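Thank you for making time this morning. I would like to walk you through one model slowly, so please keep the sequence and the picture in view while I talk.

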Amino acid sequence: AAGTAAAGVGLRLSLGGWGSLVNPSGVSACRRSGRLAVVHDGEKRIHVFGPSGSCLQRFGERGEADDDVKYALDVTVTSDGHVVVTDGGDRSVKAFDFEGRGVLAIREGFCLPWGLDATPESEVILTDSEAGALYRLTADFKKGKFKMCQMIWSQLTRPRGVAVSQTSGAIVVIEHLRAQGHIRSTRVKIFSAEMDLIGQMDSFGLSLVFPSKIHATAVAFDKDDHITVTDVYSQAVISLGKPEEFPIFNPLISYGLFYPVGLTYTANNSLVVLDSGDHSIKIYSS
């Protein structure tokens with residue numbers, strides 16, 4: 001079992017595993033119902049788990065139809081209860097209700113839509129890794145009507161993970177920089193709600209501050225606005241502090257993970273880690 005860490009975070013529940021989930025890549029929590037949506041490479045790309053850990057729904061068929069999901073990269077759950085997925089297979093964003101009915105498919109000239117997170121107003125902040133851009137997507141998911149997709153930042157370097165603060169509206173993006181030899185590097189970039197750049201640091205800069213080099217793969221805000229990242233180098237989850245105090249170093253989970261690639265918080269501030277190393281979802285409580 002994944003153990004406790006310095007911050008007193010302990011494993012409460014482990015879900016999935018090989019056969020149930022295949023190479024999972026994204027996880028998101030519904031703050032209203034406590035359900036978790038996970039995307040992976042199985043026959044049905046989206047699994048929905050209840051708060052107790054039971055699998056409630058499987059949907060998002062692998063196929064060529066408009067509502068099928070070819071290659072899911074990330075997922076978010078909107079405040080009005082819709083599951084929104086980036087599909088790298090046909091470079092689209094697709095939305096479903098919790099029963100698995102496809103309500104909207106958006107193909108607005110995306111190059112490679114990747115990470116996404118929902119705002120409290122059910123807008124979606126989206127990264128396009130190939131275009132190097134950050135978008136704000138607005139739609140009426142209940143009616144299945146697309147409204148607008150606005151580029152809010154450009155000239156990013158392969159942006160992937162993204163998170164939106166539910167309190168301040170701040171946005172954090174993880175960029176994947178060009179590898180130098182065998183050395184991979186990421187950069188954490190923080191914007192205010194008004195899209196002013198308020199902080200950034202790459203793997204090298206973080207290694208000067210922290211005990212080890214950090215290769216961030218996923219990011220989330222907790223209820224107190226602390227930025228949390230997964231680190232695949234040290235197989236850990238680390239808090240980097242609030243945007244105004246970034247960066248600090250507070251390890252939350254320091255062992256028991258294999259290759260953490262996804263991260264979200266539930267409404268009660270439980271920490272949910274998606275571990276593709278053993279194809280599982282691990283839920284931690286303070």
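**Strands, sheet and confidence**

Let me begin with a pair of strands: β8, which covers residues 92-97, and β9, which covers residues 102-106, run antiparallel to each other and are joined by four bridges. When I say strand, I mean a DSSP run of E with at least two residues, while a helix is a run of H or I with at least four residues, and both are numbered from the N terminus. Two strands count as paired if DSSP finds at least two bridges between them. Within this pair, K94 stands opposite A105 in β9, and in the hairpin, where four residues lie between the strands, G100 takes a positive phi near 95 degrees.

Residues are numbered from 1 along each chain as its sequence is written, and side-chain values use heavy atoms, with hydrogens and water left out.

The pLDDT, which is the predictor's confidence in each residue on a scale from 0 to 100, averages 91 over the protein, and 95% of the residues score at least 70. Over residues 1-6, however, the pLDDT is below 50, although this stretch has 18 contacts in the model beyond near neighbours in sequence; a contact means heavy atoms within 4.5 Å. Where pLDDT is low, the predicted coordinates should not be read in detail.

Let us now turn to a sheet. In what order do the four strands of the open sheet stand? The order is β10-β11-β12-β13, with antiparallel pairing. Because β10 (113-118) and β13 (145-153) stand at the edges with a single partner strand each, one side of each is left without a neighbour in the sheet. From one strand to the next, the twist averages 25 degrees, where the axes are lines fitted to C-alpha atoms and angles run from 0 to 180 degrees between N-to-C directions.

Inside this sheet, β11 (residues 124-128) and β12 (residues 133-140) are joined by five bridges, and V124 stands opposite L137 in β12. Between β12 and β13 there are seven bridges, again in the antiparallel sense, with A139 opposite F146 in β13. These two strands form a hairpin with four residues between them, and G144 in the turn has a positive phi of about 70 degrees.

Next, please find V27, which lies in strand β2 (residues 26-29). Is V27 buried or exposed? V27 is buried, with a relative accessible area of 5%, where buried means under 20%, exposed over 50%, and partly exposed in between, using a 1.4 Å probe and protein chains only. Leaving aside neighbours within four places in sequence, V27 is in contact with several residues, among them A37, D74, G262 and L274. V27 and D74 are 47 residues apart in sequence, yet their C-alpha atoms are 7.0 Å apart in space.

Finally, the whole protein. The secondary structure comes to one helix and 24 strands, and buried residues make up 57% of the 286 residues. Along the principal axes, the C-alpha atoms fill a box of roughly 50 × 40 × 40 Å.

Methods
This is a predicted model: local features need pLDDT of at least 70, side-chain atom pairs count only at pLDDT 80 or more; totals for chains, interfaces and linings use all residues.
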